[in-house]
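Please read these notes with the structure open.

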Amino acid sequence: MKMSKIFMSLAVVALLFASCDDTKKKEAEAKAEAEKMEMEAKMKSEEEAKMVEMEKMEMQKNSIASMAMGNPNYSTLVAALKQAELASTFMEPGEYTVFAPTNDAFAKVPKATMDMLMMPENKNKLQDLLKYHVVKGEWKADAVVKAINDNKNAYSVTTLAGENLTLSLKDGKVMIKDGKGKMSVVADADMDASNGVIHGIDAVLMPKG
């Protein structure tokens, strides 16, 4: 009888040890699985971050600012954008229509005026001038022409500077009247960018103020 109790006690002890080992094994497996899932989630997150960064780099490569930087006809505009600290703005996502003066257009501006605008203390004035060449939204040439025709050959748009430009047609070309009443011509339309469109113009637009 005593031997039977001893055997039963040993059996219970053995079962307890087996149960304990089984519990530890399950805990270890659960921990390993949790670590595996955490690692997979981390790898997925890193991969997604890389994809987002690659997409951002691709967009910036084809942005308005990058396209202007890659075109020697707009080097003066690029220099002005950098001086005004606006170049990065036109690399970011968005939709803009830029009426971009060529180097020849800037050459028509009196040197004293350009020198004054490019001074660090006149950064705000330079920003306002450059923003006067930008309209929110993407306006391709066909949309511009339609808007002009729908508005009796005088379509007004508000720039990022808060002042207006008047668009019209003459001899099949889009004309832009600035705040001082001077006219410029869109000479190079529909340079498509990832964050909008560029239309090259032959004169610098001057606001009324």
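Where does N153 lie? Point 5 takes this up.

1. Basis. The model is predicted, so local features need pLDDT of at least 70, side-chain atom pairs count only at pLDDT 80 or more, and totals for chains, interfaces and linings use all residues. Residues are numbered from 1 along each chain as its sequence is written, and side-chain values use heavy atoms, with hydrogens and water left out.

2. Overall make-up. The protein chain has seven helices and seven strands. Helices (H or I, at least four residues) and strands (E, at least two) are DSSP runs, numbered from the N terminus. The order from the N terminus is α-α-α-β-α-α-α-β-α-β-β-β-β-β. Of the 209 residues in the protein chain, 32% are buried. Buried means under 20% relative accessible area, exposed over 50%, and partly exposed in between (1.4 Å probe, protein chains only). Among contacts with a separation of 6 or more, 65% join residues 24 or more positions apart. Contact here means heavy atoms within 4.5 Å.

3. Helix α6. This helix covers residues 123-131, and L126, Q127, L129 and L130 are buried in it. Seen down the axis of α6, these buried residues fall within an arc of 165 degrees, so they line one face of the helix. The arc is that of the directions from the helix axis to the C-beta atoms. N124 and K125 are exposed on the other side of α6. The cover over the buried residues of α6 includes α3, α5 (111-117) and β2 (134-136).

4. α3 against α6. The two helices pack at an angle of about 130 degrees, with axes 9 Å apart. That makes α3 oblique to α6. Axes are lines fitted to C-alpha atoms, for helices over the stretch in contact, and angles run from 0 to 180 degrees between N-to-C directions. Angles under 35 degrees count as roughly parallel, over 145 as roughly antiparallel, 65 to 115 as roughly perpendicular and the rest as oblique. The crossing of α3 past α6 is left-handed, meaning that the near helix is turned anticlockwise from the far one by less than a right angle. L77, A80, L81 and Q83 of α3 meet K123, L126 and L130 of α6. By class, this contact has five nonpolar, one polar and one charged residues. Ala, Val, Leu, Ile, Met, Phe, Trp, Tyr, Cys and Pro count as nonpolar, Asp, Glu, Lys and Arg as charged, and the others, Gly among them, as polar.

5. Positive phi. N153 lies in the loop between α7 (141-150) and β3 (155-158). Its phi is near 65 degrees, a positive value in a residue other than glycine. N153 is partly exposed, at 35% relative accessibility. E85 has a positive phi of about 60 degrees, and E85 is not a glycine either. E85 sits in the loop between α3 (75-83) and β1 (96-101). E85 is exposed, at 53% relative accessible area. Most residues other than glycine have a negative phi.

6. G172. Is this residue buried or exposed? G172 is exposed, with a relative accessible area of 74%. Its loop runs between β4 (164-170) and β5 (173-177). G172 and V145 are 27 residues apart in sequence and 9.3 Å apart in space, C-alpha to C-alpha.

7. S184. This residue is in strand β6 (residues 183-193). S184 is buried, with a relative accessible area of 1%. Neighbours within four places in sequence aside, S184 is in contact with V174, M175, I176, I201, D202, A203 and L205.
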